[in-house]
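The following report describes a two-chain protein structure for a reader who wishes to set computed values beside the coordinates. Please keep the sequence and the structure in view while reading.

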Protein chains: 2
Amino acid sequence: ADRNRPKPPPANNEYAKDPARHPALKVHSVAPFNGETPGSLLVDSYITPSDLLFVRNHLPVPQCDPATYTIEIRGTGVQPTRISLEELKTKFKHYSVTATMQCAGNRRAQMDSAEKPVRGLMWGCGAIGNVVWTGVRLRDVLLYAGLKLDEDGIPDVRVQHVCFEGSDVASVTKEAYESSIPISKAMNPHGDVLLAFQMNGQDLPADHGYPLRAIVPGFMAGRSIKWVNKIVTSEQESQGFFQQKDYKSFSPSIDPNKVDFSTAPSMQEFPIQSAITSHVDGDAVASDSLVELKGFAWSGGGRKIIRVDISIDGGKTWQNADLNEEALQQPSGRAWAWTPWTLTVEVPKAHRGELKVVCKAVDESYNSQPERFDAIWNPRGLMNNSWHSISLNVNSSAN
Amino acid sequence: ADRNRPKPPPANNEYAKDPARHPALKVHSVAPFNGETPGSLLVDSYITPSDLLFVRNHLPVPQCDPATYTIEIRGTGVQPTRISLEELKTKFKHYSVTATMQCAGNRRAQMDSAEKPVRGLMWGCGAIGNVVWTGVRLRDVLLYAGLKLDEDGIPDVRVQHVCFEGSDVASVTKEAYESSIPISKAMNPHGDVLLAFQMNGQDLPADHGYPLRAIVPGFMAGRSIKWVNKIVTSEQESQGFFQQKDYKSFSPSIDPNKVDFSTAPSMQEFPIQSAITSHVDGDAVASDSLVELKGFAWSGGGRKIIRVDISIDGGKTWQNADLNEEALQQPSGRAWAWTPWTLTVEVPKAHRGELKVVCKAVDESYNSQPERFDAIWNPRGLMNNSWHSISLNVNSSAN
Ligand SMILES: [Mo]
Ligand SMILES: [Mo]
């Protein structure tokens, strides 16, 4: 939508030190920088190359010096503790986790219409990617800071949430970007929450949180705080803007001017999602030809993808897509990585004009995607996981 | 559907010792007994009275003597152990868990049609109920039998599944009813899996597993094995019929005569579900009157219900139902009990004839229900969680 076209950087340029970005990224906003991976490149590989992963920044990229970088841990049930980046890397065991990051705004553009507009950056399907993150476990760091567990391994019951603060600070409010996750996720030995210093085997790039990022697998990406420098254990969830006044969804009949944010819980785990990425609306294909469709499926909470259904008749009949073998090796309940899929379909011989291709997925809890976005419409266009459909344009095979 | 009308008991009556049942249960099969709670009674109380809970039996009710009843534990990573019912009750700490049981076949009748029939008992909305279960934790019993945990509390990696066997044995095959759950659920201190001997504060009724039943909160009821007398830890899931050849779902375009059961995982956690129970199709209401609608919502995996949307115009506009207060007190991720809802709606003044009432729910992972059952159709009509809709019949208020 035109009203959402990227604006030029502001005159007083806090963003001058932002890093260079890959020219292939589709830019939605320059300052702060927001850009997505083009569909044509999105599932070229199981692991998204670091410089092609979507960037979703809320503020200028902070300039962090690794030599002096520390992380502060404080709050209920822990000893106030400061750990340098060097200590973090040397005192704690390293873990690598392959986890998909998906912005809660991914596929927002497909929820936008003139009658019911949504507010935010107009992400297509590319605000998602799959990365090998390496770092230390948040669990180990909180235990080091003195958090107590009972004989079942359940943490101090006064601690219900873990709040992360980033080094990115708004120049106006002087407030850091912050957000929280439930303690049950943070301390679950199967939860795989990391404080990561590497992405795909190398230091994190500046845009993705150099030198340290919280990684919360199976949650919306906005909880994986970049440039994290403070961790606070608490009875309460974060009182920050992005926890309390954004990233919530409401009845599709809500009046956007009368939203009471206290009536909905903050988004954490992602619902089941999938999309077609190899083609876009209007792409031409020849009748009586074979077309290789590609895309991804992913579900939050570590729920494994068990099936992707593809239709080339607008949802009347369905074929099973072929699922990526590496993705299928993931353990039940800890399937943090996406499942790329492919399917070669035959364009019907006699068909001319519009061919409606639809994609929907199922996860191991047998949750499925809603058919239409109308049923999950919300003012910010968040977590659009309705069936993804595109219209191909069938020409005679002689063309 | 007529073809699914209950058959009379067979001549050689293995079922003669089955207990008496509450006359209000809507009977789908006499031998084995299968009956559901009528909608009019379903959400009268947060806790379902024991004699009104749906009964889903596969075999005759076994006659178990509590004085001699034992449970055998064996398999990978445990010492073969036999525990009497008395020891179970005296050696282990007791826990009470309020958990909803829902049959995977609930709402099957709404997935059945002449063109695409489904196979099984024609459950309406009442193969669900909410119960306080009291017993000992499966976790504690497996630890007692010698199952080892690592320093993070993760069990012996060779053990991936826990298989339950019931005392109910098929006279033809001599095979016990059996099923398994993942070890991650069994041993999770937040998983709340019980070996229960009480239902709503009293001994289990015969129909619900007297004297001992496995209770697996957040899973389809078929994994909560009644009359459990054997527990086997294993690398593999149960090889039994109900794990391997039933309780799986496939593409809606599958040929029912060509199902390859190895291509789908067994159902465990339930997806998001809701239904209207206060009214049925064709119920008369007066125009310009107030009508109190009632129903339930529930999701598997302990995922809390965050919203129930009600429409009285077939899904064009939506109102938020009022959610049961007790249900809302449940912790995130451990919301094992259903959420009864109510909403008083105004029947439009000018309206006559059909009023289409629709219900759909959202859980804390922001998963939602599919609009139409076509998209999730499967040959056995399992896990139908499509939007529930009923047509009320609006008469003039003078009637
Ligand atoms: Mo996001
Ligand atoms: Mo069931």
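B:Leu293 lies in strand E16 of chain B, residues 290–298, where strands (E, at least two residues) and helices (H or I, at least four) are DSSP runs numbered from the N terminus. This is a predicted model, in which local features need pLDDT of at least 70 and side-chain atom pairs count only at pLDDT 80 or more, whereas totals for chains, interfaces and linings use all residues. Residues are numbered from 1 along each chain as its sequence is written, chains are lettered from A and ligands numbered from 1 in the order in which they are written, and side-chain values use heavy atoms, with hydrogens and water left out.

With a relative accessible area of 0%, B:Leu293 is buried (under 20% relative accessible area, with exposed over 50% and partly exposed in between, for a 1.4 Å probe and protein chains only). Leaving aside neighbours within four places in sequence, its contacts include B:Ser278, B:His279, B:Ile310, B:Trp341 and B:Val357, contact meaning heavy atoms within 4.5 Å. B:Ala321 is 28 residues from B:Leu293 in sequence, and their C-alpha atoms are 9.0 Å apart in space.

## An open sheet in chain B

Five strands of chain B form an open sheet in the order E15-E22-E21-E17-E18, with mixed pairing; two strands pair if DSSP finds at least two bridges between them. Strand E15 (284–286) and strand E18 (319–320) of chain B are at the edges and have a single partner strand each, so one side of each is left without a neighbour in the sheet. Strand E17 of chain B, residues 305–311, runs antiparallel to E18(B) and is joined to it by two bridges, and B:Ile310 is found opposite B:Gln319 in E18(B).

In chain A, strand E4 (residues 70–75) and strand E5 (residues 81–84) run antiparallel and are joined by four bridges, with A:Ile71 opposite A:Ile83 in E5(A). The two strands E4(A) and E5(A) form a hairpin with five residues between them, and A:Gly77 in the turn has a positive phi of about 80°. Four bridges also join E4(A) to strand E13 of chain A (residues 228–234), in this case running parallel, and A:Arg74 has A:Val232 as its bridge partner in E13(A).

A:Gln102 belongs to strand E6 of chain A, residues 95–102, and is buried, at a relative accessible area of 0%. The side chain of A:Gln102 makes a polar contact of 3.0 Å with that of A:Asn106 and another, of 3.1 Å, with that of A:Gln273. A polar contact is a pair of N or O atoms within 3.5 Å; within protein, one must be able to donate a hydrogen and the other to accept it, and residues adjacent in sequence count only if both atoms are side-chain atoms.

## The interface between the chains

Chain A and chain B are in contact through 43 residues of each. They bury about 3,300 Å² between them, 47% of it on carbon and sulfur atoms, the buried area being the accessible area (1.4 Å probe) that two parts lose on being put together, summed over both. A:Asp152, A:Tyr366 and A:Asn367 supply 20% of the area that chain A buries against chain B, more than any other three residues.

Six salt bridges are counted between chain A and chain B, each a side-chain nitrogen of Lys or Arg within 4 Å of a carboxyl oxygen of Asp or Glu. B:Asp152 forms one with A:Arg139, with the closest N and O atoms 3.5 Å apart.
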